Amino acid sequence: MGCCGSTERTKREWKPLEDRSCTDLPWFLLFTVFCVGMGSICGFTIATGGAGRLVFGYDSYGNTCGQRNEQIEGVRLSGLDQTDKKYVFFLDPCNIDIVQRKIKSMALCVSLCPDEELKTYQDLKRFAMHNGSELCSYELAGHKYPSLPERFDKCPKLPVPPSKSLPVFNRCTPVDISCYAKFAEAVVTFVSDNSVLHRLIGGVIASKEIIVGLCLLALVLSMILMLIIRYISAVLVWILTAMVVLGSLAGTSILWWLYIDHRLTANKTLSKETAETTETKDAEEEAEMTRDNAQALLVYAIAATVFTVILLLLMLFMRKRVALTIALFHVAGKVFIHLPLLTLQPFCTFLALLLFWMYWGLVLLFLGTTGNPVQNEETGLTEFRLTGPLQYMTWYHAVGLIWISEFILACQQMTVAGAVVTYYYTRDKTRLPVTPILSSVLRLMRYHLGTVAKGSFIITLVKIPRLMLMYVHNQLKGKENAFARCMLKTCICCLWCLEKCLNYLNQNAYAATAINSTSFCTSARDAFVILVENALRVAAINAVGDFVLFLGKILIVTSTAFAGVLLLNYQRDYAEWVLPLIIVCLFAFLVAHCFLSIFEIVVDVLFLCFAIDTKYNDGTPGKEFYMDKALMEFVENSRKLERVVERGRSRPTEAVSVEGPEMKPMAPGTSSA
C-alpha cells in the first residue's frame, strides 16, 4: 500500500507521471516529529535560562548578569540583583583550560569593564570608587581593597589589562590578546618562530583583494568547465586510457628486464666463483639468495603480465562502454545549457547547510549553559550541567546534526534528479517547463519528503557507528595493541565503503522515485535491478567518469594556483605567498568539488534513464526512444557492430536478415544544441 490510502503500481511505466501520490508518509511524519524534538530542545534551553546565561553571561555563584536572580540552595552569594551589572569580568582571563576549552577563572558581574591597565590594588580601589564597578568578589568592600587579606584570592590578578565588552555576548575581553599566547601556542604548535606566523598573517592581509579575486576566478572556472566538459571529455577519456595502457606495459617490461638482468648477473657471478674457489657454505647461501631473488622477480613479472593482459582485454571489450561515458558527458553538458539554474544548486545547498549548522551550534552552546547548578569540586565555582535523563538531549541533538545534514544533501539529489528526468523524458526540448528546477522542488516538497527522510536516515544509521569508532580510535591512540588498532581501522573502512555504496544506491533510488513516484524501498529495488543488469557499464562510467571529473578538479586548482603565482609575483618574499596560495587552492578545490558533484549526479541520473530507455523501448512505433541524439548515435553504432558480429558467425547458406526494426528517432525539435 502506498501513502494516502493509494495502492502502489505493480507495473512500472518508467516515465514521469503527471498523477503523483505522496511516498513514505510515515517517514515524513517521523522526520517531522524528530524536527519538533530538535526545536523543543531549543525552546527548553530558552525557557530554563540557558540561552539567557549564554548571551548575558553568569558569574561563579550562578547569578545571570543584568537580571534579578533567585536564590540557589547551598550556593552562597546567589540570588543577587544584578540588574545594573551587565558585564562578565574574569579575575584571570588568561587562565585557560586548553583541553576543556574554557576559562577556569572566577567570574563576576560588573557594571563597567576596565578600559585602562590597573597595576595595583590602589588602582582597583580608585576604579571602584570613581566608576562604581567593583572588580573583586561581592563580599569585599571596594574602599578596603588594598588592606584586605582576601585580596590575593578574590581580586583580579595584577596587572589587570584594559578590556572591552563583546558586541553581543557581554564579556569583558582583554584588548591585548597576547595574554592568550599559551592557547595560541597549543593551537599552532607547528610554528616555531613567531615572526614566521606574523609574516604569514601579514601576507594574507596584504593579499586579501587578490585572494577574493582568485576565489571568484575558481568559481567562474568551475561554472565554465561544466559547460565545456562535453567537448573535452573525449580527449580526457582517451588520454586516461592511453596512460593506463602505456603505464601497465612499461611496468611489465621493466619487471621482465630486471628479471633477465638479475639472472644474467647472477649466472656470471656464480660461474666466476666456481672457477676460482671451491664451493663453500657461504657460496651456497649466496647462490640460494640469488635464486630466491630471481624467482621473486619472475613471480612479479608473470603477475604483471597477467594483469596487463587482463587490462588490455578489458579495455578491448569495454571500449563501447567508454564511448557511452563520453556520450553521457556530452548530454550532461547540454542539460546545463537547457537548465542553467542547476548551477545554483551548490549555492542553495551550502546556504541551507550553513544556516542549519549555525542554528545547531547556537543551540549546542545553549545546552552548555542549561541544567541544574552544580559546584565544581576542583575550583569551587558554580556551573550548570544537564543531569539525569536531560543529559541525553545532547546525544539527540548530535544525531539531529547528522540526519538533517544528510536530509538537506538528499533534497539536493532529489531536486537535480527530478529536473534531469524531466529533461530526458521531454522529447521536444523546446517544450520544457519554464522552470524545471522549481517544478522539481515543488514535487519534492509536496510528494517525496518522506522518501528523502528515509534515505537520509539509512545513511545516518551507518555514519553514526563509524563516527563513534573513529572517536574510540582517537581516544585509544597509543594505548591499544596492534590487533585492536587493526580491527578498529578495518571496521571504520568497511562502514565507510558501505556508506559510499548506500549513497550511490540512494541517489539512483531518488531518480527512480522522480520517474515513477514509488516509495523508497520500491525505487531502490527497481534501480538496483537496472544497475545490476548494466554492471559493466556502471563500472566503466564510475571508473572513467570519476577520473575525468578528478582531472577537472585538478585543472581548476592548478589554473587558480598559476594565476595566484602571477598575481603574487610582486611580493618577492616567498613566505608571504604560502598561506594565500593554500587558502585559494583549498577554496578552489571545494568549489570545483561542489559543482562537479552536481555534474556527477546529472551523469548518473542520465545513465539510469538511458538504461531504462534501452530496456523498455526499441525505437519501433509506439516504443520510440526518449534519448538524446548523441545517445541515439551510440545505440545505432552498437547495433551495427552487433549485426556485423552476428553476420560473421552465421553461415552464408543460412544467412538471414538481421536488420531488426528500424529505430524511430525523436520527434522533430528534439535535437538539442
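This section describes the salt bridges of a predicted model. Side chains of opposite charge can pair when their charged atoms come close. In this structure, 11 salt bridges were identified.

One of these salt bridges joins the side chains of Asp81 and Arg68, with an N to O distance of 3.4 Å. Both residues belong to the loop that runs between helix H2 (50-56) and strand S1 (87-90), so the contact ties together parts lying 13 residues apart in sequence. With a relative accessibility of 43%, Asp81 is classed as partly exposed, whereas Arg68, at 65%, is classed as exposed.

A further salt bridge is formed by the side chains of Arg466 and Glu499, for which the N to O distance is 3.0 Å. Arg466 is buried, its relative accessible area being 12%. Glu499 is likewise buried, with a value of 6%; both figures fall under the 20% cut-off that defines a buried residue. Arg466 and Glu499 also belong to a network that includes Glu406 and Lys463, the four residues being joined by salt bridges that share partners.

A salt bridge is also found between Asp526 and Arg525, whose closest N and O atoms are 3.8 Å apart. Asp526 has a relative accessibility of 13% and is therefore counted as buried.

Terms used
Residues numbered from 1 in each chain as written. Predicted model: local features only at pLDDT ≥ 70, side-chain atom pairs only at ≥ 80, totals over all residues. Heavy atoms only, no water. Helix = DSSP H or I, 4+ residues; strand = E, 2+ residues; numbered from the N terminus. Buried < 20%, exposed > 50% of the residue type's maximum accessible area, 1.4 Å probe, protein only.
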